[in-house]
Amino acid sequence: MASLITNPVTNTNSDRSKRKKKKNSMVKQNLQRSQKEDHARWKSEAQQQIYSSKLIQALSQVSLGTPSPSAPRGGRAVREAADRVLAVAAKGRTRWSRAILTSRLKLKFRKQKRSQRGSAAAVAAATRTSRSKKPRVSVLKLKAKSVPTVQRKVKVLGRLVPGCRKQPLPVILEEATDYIAALEMQVRAMSALADLLSGSGAASSSSAPPPEWPMPPTSQ
């Protein structure tokens with residue numbers, strides 16, 4: 001008789017664990033499905049056209065002349081505008097897109113803090129005595145040798161992908177695959193725009209009439 005009696009506590013615990021496993025599997029499936037859709041979206045022509053139109057609007061607002069001291073200059077301004085439009089196209093669904101969108105605000109706050117600390121740092125540098133610096137190169141080399149090769153490569157990959165510097169390996173791999181697909185679409189769009197602009201410039205120069213040179217006077 002005792003063997004036929006079931007314990008309700010164990011039954012409820014097993015039911016909870018089954019529901020939790022089922023929920024986790026559904027979340028993983030939805031995440032994998034959304035990631036596949038994101039990767040396929042970066043390869044579509046419609047997404048490339050949308051990105052190209054937004055990129056043209058962003059580049060039209062970039063001043064390549066003499067910008068203000070706080071604004072980026074030249075090619076850096078073009079690169080930041082292209083990356084910002086790419087992050088907007090990702091709609092903040094990934095870590096790298098959110099990191100790109102928030103990096104401009106972080107730089108602004110850092111510049112404000114640096115200007116506030118400038119006077120204090122100047123006073124401290126004037127009163128600071130010269131101290132002998134310990135050689136840190138050997139310590140860094142020893143640390144680099146002690147870290148396994150795989151972990152070093154993971155750290156390098158985390159530094160290359162925005163917002164993934166201190167993330168675990170699965171997150172870095174997911175973000176890197178999406179970021180690479182987005183960068184490939186960015187290269188295709190910018191190459192198409194460059195070809196279009198170079199073709200229109202060559203067509204306009206060829207359609208222009210040749211210059212009329214004055215004829216030399218004939219000797220009689």
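Which residues is Arg98 in contact with, leaving aside its neighbours within four places in sequence? In this predicted model, Arg98 is in contact with Gly92 and Arg93, where contact means heavy atoms within 4.5 Å. Arg98 lies in helix 4; helices (H or I, at least four residues) and strands (E, at least two) are DSSP runs, numbered from the N terminus. At 39% relative accessibility, Arg98 counts as partly exposed, on a scale where buried means under 20% relative accessible area, exposed over 50%, and partly exposed in between (1.4 Å probe, protein chains only). Between the C-alpha atoms of Arg98 and Val88 there are 8.8 Å in space, and the two are 10 residues apart in sequence.

Residues are numbered from 1 along each chain as its sequence is written, and side-chain values use heavy atoms, with hydrogens and water left out. As the model is predicted, local features need pLDDT of at least 70 and side-chain atom pairs count only at pLDDT 80 or more, while totals for chains, interfaces and linings use all residues.

Seen as a whole, the protein has seven helices and zero strands, giving the pattern α-α-α-α-α-α-α along the sequence. Of the 220 residues in the protein, 18% are buried. Among contacts with a separation of 6 or more, 63% join residues 24 or more positions apart.

The interior comes next. In soluble globular proteins, nonpolar side chains tend to be buried together. Here the largest nonpolar core has 26 residues, a nonpolar core being a set of buried Ala, Val, Leu, Ile, Met, Phe, Trp, Tyr and Cys residues joined through side-chain atoms within 4.5 Å. Trp42, Tyr51, Leu86, Trp96 and Val161 are the residues with the most contacts inside this core. At least two core residues come from each of helix 2 (45–60), helix 3, helix 4 (95–127) and helix 7 (169–207). Helix 7 provides the largest share, eight residues. Trp42 shows how such a residue is surrounded: leaving aside neighbours within four places in sequence, its contacts include Leu86, Trp96, Ala181 and Met185.

At the N-terminal end, Ser44 caps helix 2 with a side-chain oxygen 3.4 Å from the backbone nitrogen of Gln47. Which residues of helix 2 are buried? They are Gln47, Gln48, Tyr51, Ser52, Leu55 and Ala58. These residues lie on the same side of helix 2 because they cover an arc of only 135° around the axis, the arc being that of the directions from the helix axis to the C-beta atoms. The other side of helix 2 carries the exposed residues Glu45, Gln49, Gln57 and Ser60. Within the buried set, Ser52 has 13% relative accessibility and so counts as buried. Ser52 touches Ala189 and Leu193, not counting residues up to four places away in sequence.

Gln186, found in helix 7, is also buried, because its relative accessibility is 9%. The side chain of Gln186 reaches the backbone oxygen of Ala82 at 3.2 Å. Beyond neighbours within four places in sequence, Gln186 is in contact with Tyr51, Ala82, Asp83 and Leu86.

Side chains of opposite charge can pair when their charged atoms come close. The structure holds one salt bridge, defined as a side-chain nitrogen of Lys or Arg within 4 Å of a carboxyl oxygen of Asp or Glu. The partners are Glu80 and Arg76, at 3.2 Å from N to O. Both lie in helix 3 (residues 74–89), four residues apart, about one turn of the helix. Arg76 counts as partly exposed because its relative accessibility is 46%. Ala77, also in helix 3, is by contrast buried, at 8% relative accessibility.

Finally, Lys91 sits in the loop between helix 3 and helix 4. Most residues other than glycine have a negative phi. Phi of Lys91, however, is positive, near 60°. With 64% relative accessibility, Lys91 counts as exposed.

How values were computed: A polar contact is a pair of N or O atoms within 3.5 Å; within protein, one must be able to donate a hydrogen and the other to accept it, and residues adjacent in sequence count only if both atoms are side-chain atoms.
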